[in-house]
Amino acid sequence: MNDTPTLHPTRPESTATDAPTPLFGSDADSFVQQLRLASQAHRAGRLDEAIASYLRLLAVRPYHAELHNNLGVALRLAGKLEASVAHHRLSLAADPQNPALHSNLGNALRAANRPDEAVKHHFQSIALNRDYAEGFFNLALCLRDLSRLDEAVGCFSRALTLNPDSRRSRVELAIALLMRGELAPGFAAYEARKRLPETPTPEFPQPAWDGGPLEGRRILLYPEQGLSDVLLFVRFARELKRRGATVIVLCQALLKELLRAVDYVDEVVAEGEALPSFDLHASMVSLPHLCCVDFIALSTEPAYLRAPDDSRIKLGTLDRAKLRVGIYWAAMPGQAQDRQRSVPFSQFLPLAGDPELLVFSLQGGVHQKDIQQFGAGGLVHDVGRGIFDFAEAATALSQLDLLISIDAPVAHLAAAMGIKTWVLLPSAADWRWQLGGESAPWYRSARLFRQSVSGDWSPVFAAVRSELHTLKHQ
């Protein structure tokens with residue numbers, strides 16, 4: 001029994017029964033059959049159907065450990081985190097010596113951003129079973145969230161010793177190495193992500209580039225993960241161009257006009273458009289490994305993205321304002337860790353009350369309405385409402401003295417343009433910003449402001465206000 005719905009016991013620690021219990025009036029309509037159907041709906045991603053079925057079964061078997069476990073998993077996937085935690089606690093109460101149930105409760109607590117509690121249950125899971133590979137893996141994830149990287153690496157390694165075929169353990173270990181600043185071995189190990197089912201596999205007849213000679217070859221670079229990774233890793237196209245390649249970039253439509261202004265890219269194609277001919281292809285995320293990058297010199301390199309020459313975005317000025325400051329506070333809903341990365345808009349309002357600062361919002365999406373909801377229409381100038389792609393965003397950024405942003409694509413764009421960028425990071429920051437320190441390995445114009453306590457942004461903004469005071473008087 002692990003973090004997936006099961007019916008029949010898959011491990012000795014499971015105490016779930018497979019004895020049929022009559023339900024709904026006939027032997028055929030049994031508890032086991034209904035639980036099997038609910039689990040099938042769960043595995044197929046039909047969470048509403050699965051949850052409704054689990055709840056119906058719960059009325060008949062209120063103390064069934066596996067039923068509470070499966071319902072907890074489904075609720076977690078549906079974003080109902082506190083209910084998920086509660087059901088996992090009931091599952092554990094029915095079977096307290098089950099390592100898998102401790103681990104699944106830890107997973108729910110981690111999703112609810114309670115990593116300290118999660119770690120305790122993951123430790124209990126491996127104390128009950130020292131050969132529980134999945135328990136070591138889940139513990140490692142939590143330890144990594146808590147910046148206990150050495151312990152996390154040890155637990156990932158133990159998980160791999162117990163289960164050498166675990167691709168996910170190899171990928172998560174690679175991320176821990178990247179966070180620890182071991183970039184060359186980290187990116188080499190991160191190639192294992194290509195064997196995960198959720199990693200898109202390009203259906204190109206041409207071969208993948210293996211790092212070999214490129215003189216006279218046409219290479220297609222494709223996006224693998226998101227907008228931020230294209231903005232971060234497209235810089236390595238310059239190295240491919242230096243090696244004699246013709247560089248074609250396939251990207252999201254929002255990035256096409258921006259990348260057309262890049263002098264080391266020969267052709268830009270938006271997703272969905274017809275591809276030109278090419279000889280080789282490579283994921284942009286693989287370029288640091290394939291190019292054998294000198295990571296020490298990377299942060300000293302000049303800006304590699306720029307705004308197009310023409311744009312309709314024009315930012316105004318005020319006589320008393322010393323600095324034009326852009327802000328971006330909320331991740332798009334549904335993005336990974338959007339709640340942890342996002343900052344309440346109210347944290348920015350004291351900055352807008354400073355007459356020496358002229359504040360512009362570059363926020364996109366549903367959170368643009370925060371400005372009006374907080375009555376800040378006369379304090380924060382909403383530029384984001386008129387920005388429709390990253391070329392226009394770059395033009396707006398080029399007119400700023402400073403961008404203060406959460407971990408979002410606009411922060412990568414500003415830093416890649418060489419604009420002074422202050423990035424606000426949660427305590428469990430994305431691996432691209434590494435662990436600890438105020439500088440980013442990729443951008444010399446970026447400064448990092450990190451949470452010391454999960455969810456507490458007040459000390460972060462105290463540091464931002466102090467640095468703004470210094471910047472205004474330079």
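Predicted model: local features only at pLDDT ≥ 70, side-chain atom pairs only at ≥ 80, totals over all residues.
Residues are numbered from 1 along each chain as its sequence is written, and side-chain values use heavy atoms, with hydrogens and water left out.

**The sheet**

An open sheet is formed by 6 strands in the order 9-8-7-10-11-12, with parallel pairing; strands are DSSP runs of E with at least two residues, numbered from the N terminus, and two of them pair if DSSP finds at least two bridges between them. Strand 9 (380-382) and strand 12 (446-450) stand at the edges with a single partner strand each, so one side of each has no neighbour in the sheet. On average, neighbouring strands are turned by 25 degrees against each other, direction ignored. Strand 8 (residues 357-361) pairs with strand 9 in the parallel sense over 3 bridges, and valine 359 stands opposite valine 380 in strand 9.

**Helices across the sheet**

Two helices, which are DSSP runs of H or I with at least four residues, lie across strands of this sheet, as the table shows. Contact means heavy atoms within 4.5 Å, and the angles, which run from 0 to 180 degrees, are taken between N-to-C directions of axes fitted to C-alpha atoms, for helices over the stretch in contact.

| Helix | Lies across | Angle |
|---|---|---|
| Helix 20 (residues 409-416) | strands 7, 10, 11 and 12 | about 150 degrees to strand 10 |
| Helix 21 (residues 458-472) | strands 7, 8, 10, 11 and 12 | about 170 degrees to strand 11 |

**Alanine 394**

Alanine 394 is placed in helix 19 (residues 390-397). At 0% relative accessibility this alanine is buried, where buried means under 20% relative accessible area, exposed over 50% and partly exposed in between, with a 1.4 Å probe and protein chains only. Apart from neighbours within four places in sequence, alanine 394 is in contact with Leu258, Ala307, Pro308, Leu413 and Met417.

**Cysteines**

The whole structure was searched for disulfides, and 0 were found, a disulfide being a pair of cysteine sulfur atoms within 2.5 Å. For cysteine 142, which is in no disulfide, the nearest cysteine sulfur is that of cysteine 155, 10 Å away; cysteine 142 is buried, with a relative accessible area of 0%. Cysteine 251 is likewise in no disulfide, and the nearest cysteine sulfur, that of cysteine 291, is 18 Å away; cysteine 251 is buried, with a relative accessible area of 0%.
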